[in-house]
Amino acid sequence: MNIGSRPAKRRPSGGIETLRAIPWIFAWTQTRFHLPVWLGFGAAFKTVIQKNSKNLSMLREMYNQWPFFRVTIDLVEMVFAKGDPEIAALNDRLLVSKDLWPFGDQLRNKYEETKKLLLQVILKNLQHFIVLSYEARTLHFRQHILYSTHISDIDETRTTLVRHSVKYPI
């Protein structure tokens, strides 16, 4: 069934390399891992910071003074807020062969490393979280818990159904 305006692949007979960007991103979004968004940021930050420790302050200055850089980093931060490596691990356990599990572990380690490096870059700008009122923080926390609980249940159900459909095709 064709859901979108274009087919998912550029060539129907092609493999994953012919997959268009939208289904590729959608697939990573479903796994709650968002790999195409953040992969590479951590390596770039790590390389720049290891080259010269003063580069961390330069990155912070760029974040404070360059609107494009700030928006880009803020979007990556938002992706980390939406991400859930545990759901990605569940997908690995249920849908991926065991010999690829170490690769998933490596990617989840890179995810955590990238998140830590991102927070180092924006560290001085996290003060606004402290200023938030108790009520606002409580409301945000409640909304996050409700959202995460329902989405996690849906993710687990989706993963189980995908596993079942692969095991028992129609």
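Guide: A helix here is a DSSP run of H or I with at least four residues, numbered from the N terminus. The model is predicted, and the description begins with helix 7, which spans residues 101-122. Lys116 belongs to helix 7 and counts as exposed, because its relative accessibility is 57%, above the 50% cut-off. Between Lys116 and Gly42 the C-alpha atoms are 8.6 Å apart, although 74 residues separate the two in sequence.

Two packed helices are described by the angle between their axes and the distance between those axes. For helix 4 and helix 7, the axes cross at roughly 70° and come within 8 Å. Helix 4 is therefore roughly perpendicular to helix 7. In this contact, Leu56, Leu59, Arg60 and Tyr63 of helix 4 meet Gln120, Val121 and Ile122 of helix 7. By class, five of these residues are nonpolar, one is polar and one is charged.

Helix 4, residues 55-65, also packs with helix 3, residues 41-51. Here the angle is about 130° and the axes are 7 Å apart, so the two helices are oblique to each other. On the side of helix 3, the contact involves Phe45, Val48, Ile49 and Lys51, which meet Asn55, Leu56, Met58 and Leu59 of helix 4. Six nonpolar residues, one polar and one charged make up this contact.

Note on methods. Residues numbered from 1 in each chain as written. Predicted model: local features only at pLDDT ≥ 70, side-chain atom pairs only at ≥ 80, totals over all residues. Heavy atoms only, no water. Axes fitted to C-alpha atoms, helices over the stretch in contact; angles between N-to-C directions. Parallel < 35°, antiparallel > 145°, perpendicular 65-115°, else oblique. Contact = heavy atoms within 4.5 Å. Nonpolar A, V, L, I, M, F, W, Y, C, P; charged D, E, K, R; others polar. Buried < 20%, exposed > 50% of the residue type's maximum accessible area, 1.4 Å probe, protein only.
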